[in-house]
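Let's take a look around this structure together. Have the sequence and the 3D view handy.

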Amino acid sequence: MFAAERRQLILEMVRANGAVSLRELARVVQTSEVTVRRDVRALEAEGLLDRRHGGAVLPGGFTRESGFPQKSHLATAEKTAIADLAASLVEEGEAIVVGAGTTTQELARRLARVPGLTVVTNSLLVAQALAHANRVEVVMTGGTLRGSNYALVGSGAEQSLQGLRVSRAFLSGSGLTAERGLSTSNMLSASVDRALVQAAGEVVVLADHTKLGTDTMFQTVPTDVITRLVTDEPPAHDDRAGTELQALADQGVQIAVAGAGGEGGDTVPAGRQPPRRDMPLPGPRRGQVPGGSPQLRSAAAVVGEREQPQSERARVADLRRR
């Protein structure tokens with residue numbers, strides 16, 4: 001494929017989807033990410049699109065929302081890994097809320113195996129994924145159906161959430177920045193997501209690396225309200241995503257990074273400081289040895305161990321021997 005043909009196809013994909021990752025562009029045009037990155041730079045110089053970490057978006061700073069058919073084919077491997085890791089946070093008998101989105105739909109498919117679970121959702125896709133699950137109760141909000149993402153929105157959905165209290169909310173969105181938090185391109189969806197957050201004790205955001213640093217029109221969850229971010233490992237060359245992760249961690253968000261190839265692993269990205277919020281974490285799952293996942297310990301505990309003077313540790317050891 002000639003460069004002109006590649007660039008035309010790249011433009012068509014960005015215009016159709018609003019935002020596309022370099023990985024996806026390289027796969028479609030059947031070339032390397034290095035070549036695609038060069039094409040994206042050339043198109044940006046012509047004012048036809050804007051570069052973002054690991055991808056390209058429509059020009060103008062704020063991305064528009066893609067429809068469900070387009071979003072369902074973007075970053076599928078990353079969404080699968082994120083859903084696997086997020087599902088491991090949910091315990092038997094919990095009551096949670098799950099928002100609309102393709103990543104939360106993947107999460108719902110895995111939650112079908114958690115007995116005694118109660119899931120409150122405004123998403124028809126999440127409800128469908130759990131419809132035949134044994135011992136999982138699904139509670140739907142009211143509202144008006146928004147066909148582009150199969151979600152219930154409007155005053156009916158918001159009113160049905162009043163007085164509700166659950167342990168966690170699992171939400172996705174169109175963009176995530178340390179400055180504004182989670183955001184989306186639709187006002188009605190943002191309003192319902194805010195109502196879901198009000199009902200939860202903790203907020204877990206599911207966002208693949210292509211959404212990091214992307215800012216969209218309507219804020220749904222401010223950064224200081226986000227308890228944890230579950231994401232995938234950004235590409236090595238994606239300095240912007242790494243910088244955004246560090247900024248989120250600096251503001252107290254716990255960062256959980258899903259392993260490559262769909263294998264989940266609750267870790268802090270290599271070379272970056274652990275999150276600073278001393279937030280209580282879920283108890284060990286069945287068959288897990290308590291303390292067996294050092295990355296799940298609070299940052300305060302880790303820092304405290306590192307800062308304990310040598311003489312103090314020696315004194316404690318001597319008292320234990322006595």
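## Before we start

This is a predicted model, where local features need pLDDT of at least 70, side-chain atom pairs count only at pLDDT 80 or more, and totals for chains, interfaces and linings use all residues. Residues are numbered from 1 along each chain as its sequence is written, and side-chain values use heavy atoms, with hydrogens and water left out.

## The cores

A nonpolar core here is a set of buried Ala, Val, Leu, Ile, Met, Phe, Trp, Tyr and Cys residues joined through side-chain atoms within 4.5 Å. Buried means under 20% relative accessible area (1.4 Å probe, protein chains only). The largest such core has 30 residues, and those touching the most other members include Leu-176, Val-205 and Leu-229. Elements that each supply at least two of its residues include β9 (166-171) and β12 (200-206); strands are DSSP runs of E, at least two residues, numbered from the N terminus. Another core, of 26 residues, lies apart from it, with Ile-96 and Phe-170 among its members.

## Strand β9

β9 is mostly covered, with 5 of its 6 residues buried. Strands count as paired if DSSP finds at least two bridges between them. β9 runs parallel to β4 (residues 95-98), joined by 3 bridges, and Val-97 has Ala-169 as its bridge partner. β9 also pairs with β12 in the parallel sense, over 5 bridges.

## Val-120

Val-120 sits in strand β5 (residues 117-121) and is buried, at 6% relative accessible area. Leaving aside neighbours within four places in sequence, its contacts (heavy atoms within 4.5 Å) include Ile-96, Val-97 and Leu-164. Val-120 and Leu-164 are 44 residues apart in sequence, yet 9.5 Å apart in space, C-alpha to C-alpha.

How values were computed
Helices (H or I, at least four residues) and strands (E, at least two) are DSSP runs, numbered from the N terminus. Buried means under 20% relative accessible area, exposed over 50%, partly exposed in between (1.4 Å probe, protein chains only).
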